[in-house]
Amino acid sequence: MDGGAHPTLFGWGSASTAGRGSGFCVIGVPADHGNGVSRGAARGPASVRRAARLLPVPRGAGVDAGDVPGCRAADPETVLSRLAEATCEAVDGGFRPLIIGGDHSITFAPVSVLQQRRDIGVVWFDAHTDFSPWVEGQGHSHKQVLRRIETLPGVKRVLQIGYRGLTAGDERHLGDKATVVTSEAARYLTTAELLELMPHDLDWYVSIDIDAIDPFHAPGTSAPVPDGMEPSTVREFLAAIVGARRVVGADVVEVNPRLDVDDITSAIAARLLWTIADGL
Amino acid sequence: MLQCDVSERPAGGSVVERRYVVAPHLMLEAHDDAHAVVVNTATGARAKVSIAAFRMLSRFDVPRTVSDVFGRSDEGRAAARVRALVEHGLLWDVEVERPAEKPRRRPAPFRFCNAPSYSASGARADVVVLGVPYDLGGPENGREGLLAIRQKSLDYTYMVDFDARQPAGWFDAGSGVRILEGVRIADADDIPWVHGEPQRAVFERVVETLDELLPVDGVPLVLAGDASVSHAVATCCAGRHPLSVVHFAAGGAAAEREGESVTVYDVARAMTHVAGVRSVVTAGLREASGYAPPPGVTEVTATRLRAGDPGDLVAHLPIAERVLLSIDMGVVDVSTPPSGKGMSLREVRDAIHTIGGRHRIVGVVIAGLDPSAPLGPVVAIVACHLALQALHVATLRRVA
């Protein structure tokens with residue numbers, strides 16, 4: 001794994017994904033080839049780790065395995081296969097992957113690994129549904145990643161939270177597995193109602209696209225949509241999820257330091273990861 | 001495109017003695033071995049001519065007679081071709097006086113939401129988009145704001161339903177309704193603004209152009225450099241029907257005038273003097289302006305809007321009024337994280353819906369966006385949302 005020059009997340013010890021332990025294993029994915037809108041999310045892992053230095057050490061245990069090698073490859077498939085390998089190693093070692101993106105296309109790798117071991121549900125915080133049409137052979141990207149994830153046999157439930165804005169079609173209905181909670185509906189959603197949407201017999205993977213947050217709070221992202229969720233609301237939801245469900249992995253993606261203002265978006269992303277790690 | 005036939009015609013007696021020159025604003029746009037396409041940059045008109053005709057045209061780059069160019073022996077045959085070029089407006093007779101033709105509109109690099117160009121469908125449009133890059137009425141660098149809004153608007157592509165052949169509109173995930181379905185939008189590019197010309201001349205051009213372009217019930221969406229332009233839009237709209245103006249701005253806009261030009265500081269006061277404008281409500285002020293508004297102007301602060309009944313905003317308007325919406329993007333709170341001092345997108349949008357629920361919105365101005373400012377690109381997206389929401393409210397009744 002790369003990334004030795006960066007501080008580790010929350011000051012956790014450096015480790016190889018091949019080691020054994022418990023708690024979270026941080027994996028950085030400095031890749032943004034799956035984002036067709038803008039470059040810059042590849043700088044996310046370093047920026048989020050830096051921002052996390054200002055936070056206390058969370059209660060949950062963890063190690064930081066650095067960044068996935070091979071992220072400079074120009075094709076997303078190489079990045080996905082390397083990340084899948086790293087995820088496998090981490091899970092085999094008893095860890096839960098805690099991934100820092102990178103663009104959102106990378107989430108396909110850890111979810112595809114985890115759903116092979118046990119049925120899972122996926123919580124998808126995002127301003128977009130990422131459900132653009134995709135056919136076999138077409139390039140993988142952050143616009144259709146959830147559509148591909150939903151087809152994985154071990155993914156039994158998808159909970160999309162944060163859809164909003166003006167779109168060509170009504171994207172509130174993404175298939176039998178999926179429930180969409182718009183950003184507007186999320187304002188009035190209690191944590192109890194949220195958990196009712198997440199069967200407790202499933203393990204859950206939590207994926208957070210930072211653009212779920214309102215861009216006046218988190219401007220450093222490539223496809224901002226106004227009128228988003230408050231950071232405190234997302235933190236409240238995350239705390240409820242990690243407190244009441246088995247979270248087998250999580251990620252924060254699409255932080256784009258190139259577009260950020262005073263690293264405020266990286267700081268919010270770090271705090272969201274901290275909320276997950278602290279509540280485990 | 002005009003197909004210019006320059007085959008030989010009977011020559012008139014006087015053609016050979018007169019001097020001709022290439023029409024001003026004429027440029028070569030494209031050519032191949034057989035034809036050339038020339039465009040009049042003042043009018044946007046294009047003509048396809050043979051290469052032979054284009055070569056002939058090129059020889060009149062300075063005023064010349066036919067015999068100057070072709071010699072005495074060929075002047076008879078050439079005269080017929082020259083006359084054809086004159087008839088198509090490609091060559092001008094130097095001795096004929098004519099008013100200077102100034103370009104009325106200037107092409108914009110992007111069209112709002114990639115909607116059709118006005119020249120293709122504007123006469124049947126429900127909404128006509130016009131850019132006015134004038135920003136000397138305020139302190140901000142707003143002239144580039146139009147470009148930023150149009151560029152960001154490409155994320156919200158205007159599409160026409162394949163079967164119904166009607167504009168598809170957009171789905172608003174927040175409200176769960178489809179907006180602007182069946183509403184035809186056309187982008188009429190920008191008003192040219194020559195730096196140094198008086199504001200009055202620019203504003204007259206805005207009024208004349210809107211008068212010319214707007215269908216009877218058409219709604220203008222004017223993307224302006226700064227909010228002083230709202231004065232010109234109000235002049236046009238109030239010339240059709242009496243109306244009131246709701247002007248969203250962070251600061252008071254009813255200061256004493258300090259010169260002839262309208263500014264963002266006094267545009268509300270100035271608009272009360274426009275024939276047909278019955279009242280002006282300035283909404284969203286971050287704090288009270290500190291001076292007594294003149295007759296016809298009411299001020300509602302953001303705090304009062306937030307705390308009170310949204311109807312507070314419309315209470316100051318006559319019943320069943322036509323309303324011009326003027327939105328200075330400075331009204332939006334762009335602090336990071338939001339400080340709550342300005343209005344959020346949601347608050348402005350709700351206010352627009354409140355106004356539209358009781359009155360008829362007849363025009364929309366979006367002004368005062370500096371894309372180079374921190375969060376400028378995000379504010380451009382907010383501007384797109386506000387424009388589309390305002391147009392939705394404005395066109396709701398007529399489409400229904």
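**Entry 1: salt bridges between the chains**

I started with the salt bridges between chain B and chain A and found a count of three. This is a predicted model, so I kept in mind that side-chain atom pairs count only at pLDDT 80 or more. One that I looked up joins the side chains of B:Arg346 and A:Glu184, at 2.4 Å from N to O. I then checked polar contacts across the interface of chain B and chain A, and the rule gives six residue pairs.

Next I asked which elements of chain B give two or more residues to the side that touches chain A. They are strands E9 (170–172) and E10 (177–179) and helices H10 (345–358) and H11 (376–399). H11(B) has the largest share, with seven residues.

**Entry 2: the extent of the interface**

I noted 28 residues of chain B in contact with 22 of chain A. The buried area between the two chains is about 2,100 Å², and carbon and sulfur atoms give 69% of that. On the chain B side, B:Phe171, B:Ala173 and B:Arg346 lose the most area to chain A, together 29% of what that side buries.

**Entry 3: a strand in chain A**

I turned to strand E5 (residues 120–125) of chain A, where six of the six residues are buried, so the strand is largely enclosed by the rest of the structure. One side has A:Ile120, A:Val122 and A:Trp124, the other A:Gly121, A:Val123 and A:Phe125.

What are its partners? E5(A) pairs in the parallel sense with E6(A) (residues 155–163) over six bridges, and with E9(A) (residues 203–209), parallel again, over six bridges. I found A:Ile120 opposite A:Val155 in E6(A) and opposite A:Asp203 in E9(A).

Technical notes: Residues are numbered from 1 along each chain as its sequence is written. Chains are lettered from A and ligands numbered from 1 in the order in which they are written. This is a predicted model: local features need pLDDT of at least 70, side-chain atom pairs count only at pLDDT 80 or more; totals for chains, interfaces and linings use all residues. Side-chain values use heavy atoms; hydrogens and water are left out. Buried means under 20% relative accessible area, exposed over 50%, partly exposed in between (1.4 Å probe, protein chains only). Helices (H or I, at least four residues) and strands (E, at least two) are DSSP runs, numbered from the N terminus. Two strands pair if DSSP finds at least two bridges between them. Contact means heavy atoms within 4.5 Å. Buried area is the accessible area (1.4 Å probe) that two parts lose on being put together, summed over both. A salt bridge is a side-chain nitrogen of Lys or Arg within 4 Å of a carboxyl oxygen of Asp or Glu. A polar contact is a pair of N or O atoms within 3.5 Å; within protein, one must be able to donate a hydrogen and the other to accept it, and residues adjacent in sequence count only if both atoms are side-chain atoms.
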